[in-house]
Amino acid sequence: MVVDTFLDGKRRRQVRRYLVYDLVAVNGKSVTELPFSKILDILNKQVIRPRNDEKKVTSHWYRYEMEPFGVRIKAFFLLSALEKVFKDLIPSISHEADGLILQGWDDPYVPQANYDLLKWKYPEKNTDDFLLEMSKDGRRMLFLYENKKKKLMEGYSVEFRGDSWNNQSNYCGKIVECSWDREKKVWVGMRIELTKIHRMA
């Protein structure tokens, strides 16, 4: 889900959009055995294109403008188009982009988190996930999972900035997404990753 920002005359308008790039089943038929390229093709032909075609018909009964968010297919490009993506596409999109996901064209479907995907981020937007625990003396400890075992990140600390982090004891035992503050040499808590059980290093 992204929030696109537009100028509507002199007024700034924001629209929520759901960027679709995956599909488990369509019309009651599973597509999880198909490669990514085929799934993307089915998604475009059987979900996105019919919606767009129907929007052009003025007499249709379904009111798309009443939806709480729009639906759009996520754009994918070949590696040979990377220069164009950086120079033309990313500066022109109406929502924030923190990087790229490199997806194999013929990769099989992977349920839940796919740790084989490579995600590239701009250095200032790069983040990592840590397990946060508190020592008896109130010290914040960050852990990674290495070979399914917790590994303490010795010498590193985490700061929580802003009013939303008031009761930090609530985050003990949770996965926290953190960014690195280069000036202070400290990790900064950004958000709790509620869907992640642990981080595999």
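Student: How many positive and negative side chains does the chain have?
Tutor: There are 36 positive and 29 negative side chains, and the centres of the two sets lie 3 Å apart. Lys and Arg count as positive, Asp and Glu as negative, while His and the chain ends are not counted. Each charge is placed at NZ of Lys, CZ of Arg, CG of Asp or CD of Glu.

Student: Okay, and what kind of model is this?
Tutor: This is a predicted model: local features need pLDDT of at least 70, side-chain atom pairs count only at pLDDT 80 or more, and totals for chains, interfaces and linings use all residues. Residues are numbered from 1 along each chain as its sequence is written, and side-chain values use heavy atoms, with hydrogens and water left out.

Student: How many helices and strands are there?
Tutor: The chain has 2 helices and 13 strands.

Student: Is the chain compact or spread out?
Tutor: The radius of gyration is 21 Å, well over the 17 Å that the globule rule gives for 201 residues, so the chain is more spread out than a compact globule. That radius is taken over C-alpha atoms, and the rule is 2.2 Å times the number of residues to the power 0.38.

Student: How much of the chain is buried?
Tutor: Buried residues make up 27% of the 201. Buried means under 20% relative accessible area, with a 1.4 Å probe and protein chains only. Strand β9 (residues 140–146) is mostly covered, with 5 of its 7 residues buried.

Student: New topic! Which strands form the open sheet?
Tutor: The order is β10-β9-β8-β12-β13-β11, with mixed pairing. Two strands pair if DSSP finds at least two bridges between them. At the edges sit β10 (149–152) and β11 (158–159), each pairing on one side only.

Student: So what does β11 pair with?
Tutor: β11 runs parallel to β13 (residues 186–192), joined by 2 bridges. E159 has V188 in β13 as its bridge partner.

Student: And how does β9 pair with β8?
Tutor: β8 (residues 127–134) and β9 are antiparallel over 4 bridges, and L131 is partnered by F143 in β9. Their hairpin has 5 residues between the strands, and G138 there takes a positive phi near 85 degrees.

Student: What about β9 and β10?
Tutor: They are antiparallel over 4 bridges, with K150 in β10 as the partner of Y145. This hairpin has 2 residues between the strands, and N147 takes a positive phi near 55 degrees.

Definitions and conventions
Buried < 20%, exposed > 50% of the residue type's maximum accessible area, 1.4 Å probe, protein only.
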